[in-house]
Amino acid sequence: MPSPSFLRGGVLCAACVSLALVSAEVRADTEFVYEEVSGRISLESRQFPESAVFPGQASQATGLVFHPKLYVEDAEGRSITVAPFFRYDGADTRRTHADLREAFALVFGEAGNSEWEIRVGIDQVFWGVAESRHLVDIVNQVDLVEHPNEETKLGQPMAHLTWSAEWGVLELFGLTYHRARTFPGPAGRMRGLFVIDDEHVSYESSAGEWNLDLAVRYTQSFGPVDIGLSAFDGTSREPSICPSPVPGAQLTQHYEQIRQFGIDSQITIDAWLLKLEAIRRKGFRNLFCQQEEDYGAFVVGGEYAFYSVWDSPADLSVLAEWNYDERGQNATNVFQNDLFLAVRYALNDVQSTDFTLGVFEDVDLDTRVLSLEFNRRLTDYWAMNVEAIAFLKIGDMDFLQHGLENDSFVGLNLSYSF
Amino acid sequence: MQIALEAHERGTGFGDFTARQTMVLRNRHGQESRRDVRIKILEVDDDGDRSMFVFDQPRDVKGTAFLVHAHRTEPDDQWLYLPALKRVKRISSSNRSGSFMGSEFAYEDMTAQAVEKFTYKYLRDEACGELTCSVTERTPVEKGSGYSRQVVWHDRDALRIWKVEYYDRKDEHLKTLEIADYQQYLDQYWFAGTMTMMNHLTGKSTVLNWSDYEFQTGLDDGDFTQTSLRRAR
């Protein structure tokens with residue numbers, strides 16, 4: 001196997017060449033035949049009914065989100081997308097933040113019986129099939145201050161090449177810059193017992209955040225079976241949360257060099273969706289930075305939909321997923337042995353009304369978290385979302401969730417899309 | 001069966017097309033909601049059509065895209081692209097009777113009706129407007145269909161469909177589709193301009209207007225993959 005530095009050089013060259021190609025292609029005849037501005041403005045409020053554990057923590061957080069998206073396209077379909085994101089939060093200064101979610105050029109074409117696509121710039125990538133967590137998904141950093149469910153991501157600078165044909169889809173990623181995870185500040189809720197330092201971030205790589213990370217993904221479908229295989233070599237997106245050398249100071253974020261292999265698969269038969277995601281990760285430190293521990297983890301489960309229930313157009317879906325991490329008590333996340341059970345009731349009406357009730361049950365640590373979500377479109381431009389997360393009980397040994405006991409909340413979101 | 005086969009033969013061979021759909025959903029109180037969808041369709045030899053739907057309206061689902069690989073006898077393959085998460089989701093195609101975007105059209109009404117998916121019975125000939133129509137009854141083969149049967153009016157001249165009555169599983173007259181404003185394209189193919197679906201049980205209706213038809217635009221398989229789905233905007 002060629003050395004990683006040799007590989008990195010190669011990918012960097014390929015990235016530069018594709019960047020040159022893309023910019024030449026897009027710039028040469030900048031005759032854009034289609035332009036569009038779309039986006040969303042949201043007003044959001046979270047109420048925390050229980051008193052805060054720490055002085056200075058807010059009992060409610062109200063804020064505003066502005067997320068426009070500009071898109072231009074030329075006659076051949078080559079395009080540029082730019083989508084900045086701004087949030088103002090009245091309670092936590094760290095949650096008030098801006099990000100460039102997308103800023104990329106896209107070109108694509110055909111070569112014989114295969115198709116190719118190149119995206120260069122800041123983009124977002126999603127891998128995987130599961131609902132309770134996104135285990136194999138590793139390209140983008142999580143924008144954790146947005147939501148504890150880790151679904152919102154920061155923009156990632158990259159060159160992304162896709163090549164697809166009868167034999168499947170092969171994707172190569174060169175990731176040029178590392179984004180540190182965002183964490184709530186001292187005044188924010190859902191921060192746990194310790195505030196995590198967001199100013200002094202350390203890296204294992206001597207190149208720091210400029211380490212060139214590589215990723216490759218292959219996907220193929222065999223009738224009802226979809227399979228994805230992925231590999232990642234570079235700076236971990238998940239931080240190692242380490243005690244500070246200075247007593248009494250905040251915990252620090254440290255980013256290790258890791259190698260991760262992932263597999264994800266979904267089988268779609270009738271109203272069944274059967275899902276699996278599994279990873280093997282090397283070079284990552286376990287809980288509180290004790291030591292490097294290679295490990296495996298998986299999430300397995302599925303979803304079944306009952307259509308047209310109770311003689312109505314509504315669907316009722318039942319979801320169950322089991323998350324397992326072989327590090328057990330040394331796991332760096334809350335999914336070491338957890339069940340996720342949920343029901344989703346979708347009315348299939350004009351307003352796309354839906355309700356989801358879910359529960360995360362920690363099999364080992366006696367922790368139970370309930371989530372409730374309600375979505376409804378109000379007009380062709382306005383929509384609302386109500387959600388509640390309740391930390392029903394947190395086990396004595398569930399160190400990662402200590403300090404969240406009183407952080408149950410109800411959130412209301414009103415969005416105007418344009 | 002003869003009518004269905006011949007109507008199918010006359011309606012196929014266009015290759016591919018793109019078009020826009022505007023739906024106006026009206027409830028029994030007259031309140032309206034609008035759906036704008038861009039559509040691409042590709043015919044495939046010896047298989048069902050490939051279809052891509054991209055939503056422009058309502059705005060909260062703008063950029064959401066829906067890809068269908070229809071099959072003649074096997075269940076269809078369907079994928080949904082969610083732009084907020086940039087996630088492509090393979091979804092079940094067994095919910096044929098579910099509402100399309102909250103409208104009175106079900107998924108099975110929106111996708112091409114393969115000849116193999118029904119059995120047929122000739123009923124009668126009768127006048128329909130200035131034309132003469134053959135009235136046939138077709139019964140869905142698939143268990144997932146929401147209908148026990150459909151009654152279809154084809155005109156004798158060009159075998160265009162002018163009206164369909166849908167009967168639900170209890171054999172109640174659930175919906176009526178009326179089709180109007182036909183135009184001929186490529187000197188051969190008749191495509192509808194307006195489709196009105198009336199639900200007799202709820203009093204709700206959906207008017208679907210087709211526009212901007214463009215034929216033989218050079219689409220191929222590569223425009224109907226999960227990679228191209230991610231490019232939808």
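## A walk through a two-chain model

Let's start in chain B, where strand β10 (residues 161–168) pairs with strand β11 (residues 173–180) in the antiparallel sense over 5 bridges. Strands here are DSSP runs of E, at least two residues long, and helices are runs of H or I with at least four residues, all numbered from the N terminus; two strands pair if DSSP finds at least two bridges between them. Before going on, please note that this is a predicted model, in which local features need pLDDT of at least 70 and side-chain atom pairs count only at pLDDT 80 or more, while totals for chains, interfaces and linings use all residues. Residues are numbered from 1 along each chain as its sequence is written, and chains are lettered from A and ligands numbered from 1 in the order in which they are written.

Back at our pair of strands, V164(B) stands opposite L177(B) in β11(B). β10(B) and β11(B) form a hairpin with 4 residues between the strands, and D171(B) takes a positive phi near 65 degrees there. β11(B) also has a partner in strand β14 (residues 194–199) of chain B: these two run antiparallel and are joined by 6 bridges. In that pairing, look for E178(B) opposite T196(B).

Now step back to see chain B as a whole. Chain B has 3 helices and 15 strands. Its radius of gyration is 17 Å, close to the 17 Å that the globule rule gives for 233 residues, so chain B is as compact as a globular protein of that length. That radius is taken over C-alpha atoms, and the globule rule is 2.2 Å times the number of residues to the power 0.38. Along the principal axes, the C-alpha atoms of chain B fill a box of roughly 50 × 45 × 35 Å. Of the 233 residues of chain B, 36% count as buried. A residue is buried if 20 or more other C-beta atoms lie within 10 Å of its own, exposed if 12 or fewer, and partly exposed in between, with C-beta atoms placed from the backbone.

You will find S103(B) in the loop between β6 and α2 (107–110) of chain B. Why does S103(B) count as buried? Because S103(B) has 22 C-beta neighbours inside 10 Å. Leaving aside residues up to four places away in sequence, S103(B) touches M23(B), L25(B), R35(B) and T206(B); touching, or being in contact, asks for C-beta atoms, placed from the backbone, within 7 Å of each other. S103(B) and V207(B) are 104 residues apart in sequence, yet 9.1 Å apart in space, C-alpha to C-alpha.

How do the two chains meet? 24 residues of chain B are in contact with 36 residues of chain A. On the chain B side, β2 (32–42) and β6 (87–91) each supply at least two residues. By class, that side of chain B has 3 nonpolar, 12 polar and 9 charged residues. Here Ala, Val, Leu, Ile, Met, Phe, Trp, Tyr, Cys and Pro count as nonpolar, Asp, Glu, Lys and Arg as charged, and the others, Gly among them, as polar.

Crossing into chain A, follow strand β13 (residues 257–269). Strand β10 (residues 225–235) of chain A pairs with β13(A) in the antiparallel sense over 11 bridges, and D226(A) stands opposite Q266(A). β13(A) also pairs with strand β14 (residues 272–282) of chain A, again antiparallel over 11 bridges, with W272(A) as the bridge partner of I269(A). β13(A) and β14(A) form a hairpin with 2 residues between them, and D270(A) in the turn has a positive phi of about 50 degrees. β13(A) has two faces: residues including I258(A) and Q260(A) are on the covered one, while residues including R259(A) and F261(A) are on the uncovered one.

Finally, look at the nonpolar cores, which are sets of buried Ala, Val, Leu, Ile, Met, Phe, Trp, Tyr and Cys residues joined through C-beta atoms within 7 Å. Of the 25 residues in the largest core, L135(A), V139(A) and A215(A) touch the most other members. The largest share of this core, 4 residues, comes from β4(A). A second, separate core of 20 residues includes V350(A), M23(B), F105(B) and W153(B).

Note on methods
Two residues are in contact if their C-beta atoms, placed from the backbone, lie within 7 Å.
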